[in-house]
Structures are given as C-alpha cells and as structure tokens.
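Reader: Please show me the model, and let us then go through the terms used to describe it.

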Amino acid sequence: MQNSKIYATCQFFNYLSAGIYAGTLIADLSLAFTLNSIAMKVLFILMAIAMFVRLRIELFKIQDTKQQRRHALILEEWGEPVATNHGDTIPEVMMNLRNEKVEYVAFFTKDERKICESTINCPTIATVGKDELHLILQNPGGVMVHNHPGDEPIAFSPEDLMYLANGVCNKSIVVTSSFCYAMDASNGFRVDSRVIRRMGRKFYRGHSASDASFNFCLQVAAYLGWDFEVIVPMPMPTFAIVCEETKLKK
C-alpha cells in the first residue's frame with residue numbers, strides 16, 4: 001500500500017511537470033508567431049526548443065516510473081528471479097528452452113559468451129535481477145534469448161523488443177516448440193520504446209496472437225531497418241549460419 005502511494009505521488013508530480021512544460025512550450029510558440037521583432041521571435045523559438053527538450057525529459061521520467069512499477073509488481077506476484085542454466089552457448093540454450101512450460105531469459109555478449117540466465121517461473125514473463133541487469137548493461141550490444149511456452153508459435157511482443165530499441169542488445173531470439181524467430185538490430189535505427197508500443201497496439205487488435213506478433217515484427221523490421229528471420233528446423237543455428245528459411249528484411 002505504501003509503495004502504491006509513493007508511485008502515485010511520483011507520477012502526479014511527473015505529469016504536473018510535463019503539463020507545465022507543455023503549456024510553456026505552446027505559449028512560447030504562440031508569442032514567437034505574433035511578435036513583430038525578429039530578435040524576439042528567435043528568442044521565443046529558442047525558449048520553445050528548450051521547453052521541448054525538458055518536456056521530453058519529463059515524458060521519459062513517466063515512462064521509466066511506469067516500467068519500474070510494472071517490474072516491482074511482477075516481482076511481488078512471482079518472486080525474485082532465480083538463476084538457471086540451459087547451456088553455455090546460444091544453440092544449447094535455444095534447443096533446451098523449446099519445450100519448457102515457463103519463460104526463461106538468457107543474455108550473451110557480442111562474442112556469444114553467456115552473461116546470465118534466469119526465470120521467475122511464470123509462463124508469460126521472464127526478467128532478471130538487479131545484479132544481472134548491471135552485468136548486461138556493462139556488455140551492451142549482445143544477444144538476448146528467451147522462450148515462449150505453449151503450442152502457438154508467437155513471435156516478439158512489443159515488450160520483447162525493448163532491449164533492442166534502447167540499444168542494450170543488438171540481437172534477440174524467441175524460441176517456440178516448433179521453430180524460432182530472430183531480430184537483428186545491428187544495422188538499423190534505435191527508437192523510443194513508446195514507438196514500439198504504439199506499433200504493437202495497432203497489430204494486436206482483432207488478430208490472433210501469432211498473426212499479430214508476426215505482422216508486428218514485419219512492420220518493425222521494415223520501419224527501423226532491422227532484420228527479421230524465421231529459423232526452421234531444430235536444432236537451430238547461430239546468426240552466423242545462413243538458414244534455409246525466408247529472411248525478411250526491409
């Protein structure tokens with residue numbers, strides 16, 4: 001209860017700050033287009049740019065607070081992540097995760113050395129602890145591997161691509177019981193995570209989970225210049241091996 005009050009208070013002040021900066025931005029732009037003096041126009045335009053930057057900072061704070069709250073609620077419900085081991089290499093982990101009933105997530109460095117692997121024994125969510133996250137952030141641009149349990153071959157969700165969007169990882173793999181999906185962001189663009197979420201909402205309306213996730217991945221890959229790949233059959237190769245299935249690019 002106490003944590004909920006703290007979260008609500010933080011969000012209230014974050015939204016209040018964002019509202020103030022948004023109002024100031026609109027006022028500065030309005031004045032810039034009504035004043036006759038060129039110098040004053042330039043001054044208010046510069047002030048508007050500064051307010052726009054501050055507004056973006058406040059919006060990032062709101063998003064970060066939401067993510068922290070969501071993570072805290074997950075841990076409250078399922079407990080702290082526990083370390084697991086499905087292998088030391090990417091192919092081993094991919095093979096051994098294919099038929100698991102709960103989600104696991106593993107992180108590797110750029111040269112495919114394993115950093116960590118964990119689970120909270122939940123069938124729909126996997127996360128890592130604070131210490132593991134610190135290690136991951138010390139090795140940016142690596143590879144993330146996790147599984148999607150169940151019979152339906154579901155590709156990446158918007159949440160799955162957050163690590164790619166913010167540059168923590170360059171490559172991500174989702175393993176299902178029949179085959180897997182791979183997304184490579186090495187040569188593409190990075191975006192605000194809100195862009196990924198908005199695209200996800202568009203495709204997840206009125207479609208099955210597998211169709212929606214597949215079409216969502218195609219759209220993200222085309223929009224950001226990422227490489228989206230479907231890999232069949234098992235055992236699954238590493239990124240260096242050219243698979244026989246279709247490689248979907250921009």
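Reader: How much of the contact in the chain, counted at a separation of 6 or more, comes from residues 24 or more positions apart?

Author: Such residues account for 64% of those contacts, where contact means heavy atoms within 4.5 Å. This is a predicted model, in which local features need pLDDT of at least 70 and side-chain atom pairs count only at pLDDT 80 or more, while totals for chains, interfaces and linings use all residues. Residues are numbered from 1 along each chain as its sequence is written, and side-chain values use heavy atoms, with hydrogens and water left out.

Reader: Why is threonine 176 called buried?

Author: Buried means under 20% relative accessible area, exposed over 50% and partly exposed in between (1.4 Å probe, protein chains only). Threonine 176 has 1% relative accessibility and therefore counts as buried. Leaving aside neighbours within four places in sequence, threonine 176 is in contact with Arg98, His148, Pro153, Ile154 and Tyr181.

Reader: What makes α6 and α7 oblique to each other?

Author: The axes of helix α6 (residues 193-203) and helix α7 (residues 209-224) cross at roughly 140° and come within 9 Å. Helices are DSSP runs of H or I with at least four residues, numbered from the N terminus; axes are lines fitted to C-alpha atoms over the stretch in contact, with angles from 0 to 180 degrees between N-to-C directions. Angles under 35 degrees count as roughly parallel, over 145 as roughly antiparallel, 65 to 115 as roughly perpendicular and the rest as oblique. The two helices are therefore oblique to each other.

Reader: Which residues of α6 meet α7?

Author: Val195, Ile196, Met199, Gly200 and Phe203 in α6 do so, and their partners in α7 include Phe216 and Leu224.
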